[in-house]
Amino acid sequence: MISPLALHRDALEGTLRRPGAFAVVGQHSDDVLPVGAGRYDVTVVDLPALGTAAVRRIARSRPTVAWGGYLHTGTVAELVDAGLRGYVSVIGSQHDLVVAALRVAGGERSLPALGAAALRLTPAEQRVCQAYLVDHADAPRAAVAAELGISERTLKVHLANVRAKVNSSAANRVELARQLRARGMLIG
């Protein structure tokens with residue numbers, strides 16, 4: 001599998017038009033790849049490749065954005081305590097990464113994963129998600145709705161509300177479930 005590392009580096013350099021302002025760290029924490037040439041202001045690290053211990057070590061010494069992986073909000077909070085200033089999960093786009101890097105370069109934090117912790121599904125939305133995405137993931141919508149004692153239209157409305165809350169355009173159950181799990185909003 002080809003790492004998206006170069007694509008993210010290209011997105012940072014091409015979009016920001018600031019060669020030398022950003023560095024991307026790949027497989028090893030010693031392997032700092034400058035975006036452009038010269039000194040850099042923000043380090044973007046490949047979290048799955050390095051692991052949280054290396055990210056902690058890097059974040060202590062310089063402004064850092066971690067991208068990739070599915071981190072629980074508690075883990076993100078621990079990394080923030082260690083100095084991390086930005087996090088973009090694996091479901092984040094290149095645009096999300098560029099925005100996070102810009103915010104961190106401007107002295108701000110960019111931690112949407114922590115903001116998602118404050119976002120809560122209603123009890124009805126949680127019940128629908130659990131049934132539709134976990135307990136009866138292979139059943140048609142109508143069957144899941146009948147199992148819940150609601151109409152199929154009501155089930156669709158709840159799912160649309162959930163998608164809106166997490167800003168998801170997921171076209172299928174698997175993708176929606178993955179996005180909810182990444183935000184710590186779905187168990188199972």
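User: What makes a residue a contact of cysteine 129, and which ones does cysteine 129 touch?

Analyst: Contact means heavy atoms within 4.5 Å. Not counting residues up to four places away in sequence, cysteine 129 touches Leu121, Val134, Val162, Leu180 and Leu186. Do keep in mind that this is a predicted model, where local features need pLDDT of at least 70 and side-chain atom pairs count only at pLDDT 80 or more, while totals for chains, interfaces and linings use all residues. Residues are numbered from 1 along each chain as its sequence is written, and side-chain values use heavy atoms, with hydrogens and water left out.

User: What makes a group of residues a nonpolar core, and which residues have the most contacts inside the largest one?

Analyst: A nonpolar core is a set of buried Ala, Val, Leu, Ile, Met, Phe, Trp, Tyr and Cys residues joined through side-chain atoms within 4.5 Å. The largest has 19 residues, and Cys129, Leu133, Leu155 and Leu180 have the most contacts inside it. At least two residues of this core come from each of α7 (123-135), α8 (141-148), α9 (152-165) and α10. The most come from α7, with 5 residues. Another core, of 15 residues, lies apart from this one and has Leu50, Val80, Tyr87 and Leu111 among its members.

User: Why is threonine 64 called buried?

Analyst: Buried means under 20% relative accessible area, exposed over 50%, and partly exposed in between (1.4 Å probe, protein chains only). Threonine 64 has a relative accessible area of 0%, so it is buried. Its place is in strand β4 (residues 64-67); a strand here is a DSSP run of E, at least two residues, and a helix a run of H or I, at least four, both numbered from the N terminus. Leaving aside neighbours within four places in sequence, the contacts of threonine 64 include Val45, Ile58, Leu84 and Val104.

User: And valine 174: buried or exposed?

Analyst: Valine 174 is exposed, because its relative accessible area is 67%. This residue is in helix α10 (residues 173-182).

User: How do you know where confidence is lowest and highest?

Analyst: From pLDDT, the predictor's confidence in each residue, from 0 to 100. Strand β2 (residues 32-35) is lowest, at a mean of 42, and α8 is highest, at 97. Over residues 26-39 the pLDDT is below 50. For the chain, the mean is 76.
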